[in-house]
Structures are given as structure tokens and as C-alpha cells.
Amino acid sequence: MTETLPAGLLPQVAGGLGVSEGGAGQLVSAYAIGTVLAAIPAIMLTRGTRRKPLLLAGLLGFLIANAVTAVSPSLAVALVARFIGGAFSGLLWGMLAGYARRIAAPEHAGRALAIAMTGTPVALSVGTPLGAWLGSTVGWRWSFAAMSLLSVVVMVIVKFVVPDAPGQSAQTRAPLTRVLGIPGVATILAVVFIWMLAHNLLYTYIASYLQQMRLALRPDVALLVFGVAAFAGIWITGVFIDRALRRLTLASVALFIVAGALLAAAQHSTVFVLLAIVLWGVAFGGAATQLQTAIGEAVGENADAANAMLTTSFNLAIFAGSALGAVIVDGVGAQVLPAGMIALSLVAVVTVGCGRRAAFPTGR
């Protein structure tokens, strides 16, 4: 929710800080850059640290970053706060997948990760739309303040409920270059970047797209529909991921193409746009779980290091999507964003198809 919250608040943030919507969109870019720069160093330095204290440290970083964003007097201060939030995000995303898989039975590791990643569609279906509604009702700063309060609640729950797990033993820690060289890892990282670039190119500027298409659909409602659909996507992923990872991933990326085509053909049809958002949400819901499972199975004990690279690739895509989207929105207009989504998704589905031996193996 911390990551995606600005997507539903761009007009309010832009007005409050006296910048363009493209400028406000750089709050997403700053967060992504923080994650990109911090993920790999943070995970490599903390591979041996017990997981629970590390999780609490990451959540404390979120609390501070959101609190500073809430009181930022200028875009520059807000960008610094978002950068710090992104750095802690790099730490958390790098360790969460391995943490979830480590406390479950090996034969249910994929399903355990799917359950843990349910936090993503909860954020998309409830958190981000609620934050957008709160921002439009009482002001965008209160949305970030609420995130700080929520961080406190989560930290208390982690302290008393979440089981601890050991870090990775020194004997099994492979150098980062060796992890990158494991068959399939480079292909998975390429899919992560291309697929998430297709997603963030439009998702970051969904408010601008709806406004420029003159649709009778509020951003908070669109994000709510997307998030509810994402629940369906992660449920489907949880059912099939331990026995049909390749087919599941191919279907998810292909559904992006269908959703993009519907958005491109929608013109001023709210019904078409809603259908596209539903398909888009279903396809995206299980994406993180599918990709983290693929890379976890490829690298074994070095899942945390591999997930740090996955997080870096993921957030490079977020940065590129928000930066490229700003140029498009402020230049030719948001109505052309679905075309970019289609083109990138086509490249992603071909890349998944080519990874049949190690990345997304057949006959698994």
C-alpha cells in the first residue's frame, strides 16, 4: 500500500505541492529508486540475520517514511521521504518470500508464498482505494499519516504473533554473481522487468487515463475493482502454482495483452474499461507469487539473494514505468498508455515461452 498509494492521489498531491501530475508521479519513481539501490546491498548484508527482527526494522522504516511524507512542505522533501521508504521496501521484499517459504512445509512452499502475498491484493483492493478516498475527502496528507499508524499496528502483531526464522547459514551463501549465473535466473529477471513495466506504465497514471478518456469512473472505484479482481488471481495462483507454474505464468501475461486491447478499444465505454480492469487485476494478482516461486525454485538456498535481484528488477520497472508514463501523459496523453502495455506484454509472454528449460520449466 505504501508503494502504490500515490497512484490514487496524483491530482491531490500535485495540487497540494504545486507541481504537475507528472511531477507528482515521481513520488513513485523516488520510491522505486530507493528500492533498486538498497535491495541487493541490504539483503547481502543481512542474509545471516534472524528474520523477525529484520522484519520489524523494515516496518519501522515504513513508519518514518510515511510520517515524513505526510508533513512534507515541498516535493523535494516528499521525494527524499519516498526514497527512504523505498530503501526499506528493498529490504522487506528481498526477505519476505524466503521467510514465508521457510516457515512452511517444503511441499507447500508455493502455496505458503501465495497466502503471504495475499497482502498485495488486500492493499490494491482495500488499501489504495481507501487511501484515495481518504485523500479526496480530507486531504492526501492524512492518507500517508494513516499509513504510519497502520505500521504501528502491524509491528505490534509481528512482535506477538509472527514466528521467527533463522537467517541463511554461512556455508550456503553463494556470491551474488554465482546466483545470477544459475540457469534460469537471468530469464526470470528479464520477465520481471518487462512484465512489471507493462503494468506500471498504466497503473501509475490510472487517474490521468480515466480523466483524459472522460470516463464516468473514479480512480478509487477503478482501483477497488482492480484489487478485488487481484484476489481472484492470487486464489487461482494458490490452487495451481505447485503443479502448473509455467502454464499459470503464460496465462497471466497473455491476459495482460487482452486487457490492454480492451482498454485501447474502449474509447469512452465505461463497461469495456471495467471489464479490462477486472482481467488486468486477475492477471496481476498472482504475478509476484509466480515470479518469486520461479526464482526460488531455480536457486534453492540462495532465495533471499535472488529475491533481492528480483526486487531490484521489479522496482527498476516501477521507476521506468512512472518516468516513461510522465513523458507520455504530459506529452501525447494518457490514452496511448494501453498500446505500450500491449507491446511490452507481448515481449514478456515470448520471454516466458523461451524459458522452458530452467526459468519456467515444462513438465514440472
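Predicted model: local features only at pLDDT ≥ 70, side-chain atom pairs only at ≥ 80, totals over all residues.
Local features require pLDDT of at least 70 and side-chain atom pairs pLDDT 80 or more, whereas totals for chains, interfaces and linings use all residues. Residues are numbered from 1 along each chain as its sequence is written, and side-chain values use heavy atoms, with hydrogens and water left out.

**View 1. Ser72 in the loop between α4 (51–70) and α5 (75–102).** Helices are DSSP runs of H or I with at least four residues, numbered from the N terminus. Ser72 has a relative accessibility of 1% and therefore counts as buried (under 20% relative accessible area; exposed is over 50%, partly exposed in between; 1.4 Å probe, protein chains only). A polar atom of the Ser72 side chain lies 2.8 Å from the backbone oxygen of Val68. Leaving aside residues up to four places away in sequence, Ser72 touches Leu17, Val77, Ala78 and Arg141 (heavy atoms within 4.5 Å).

**View 2. The salt bridge between Asp164 and Arg50.** A search of the whole structure finds one salt bridge, defined as a side-chain nitrogen of Lys or Arg within 4 Å of a carboxyl oxygen of Asp or Glu. The side chains of Asp164 and Arg50 form this pair, at 2.7 Å from N to O. Asp164 lies in the loop between α8 and α9 (176–180) and Arg50 in the loop between α3 (26–46) and α4, so the pair ties together parts that are 114 residues apart in sequence. Asp164 is partly exposed at 31% relative accessibility, and Arg50 is partly exposed at 42%.

**View 3. Val156 in helix α8 (residues 140–161).** Val156 has a relative accessible area of 43% and is therefore partly exposed.

Notes: Helix = DSSP H or I, 4+ residues; strand = E, 2+ residues; numbered from the N terminus. Polar contact = N/O pair within 3.5 Å; in protein donor to acceptor, adjacent residues only side chain to side chain.
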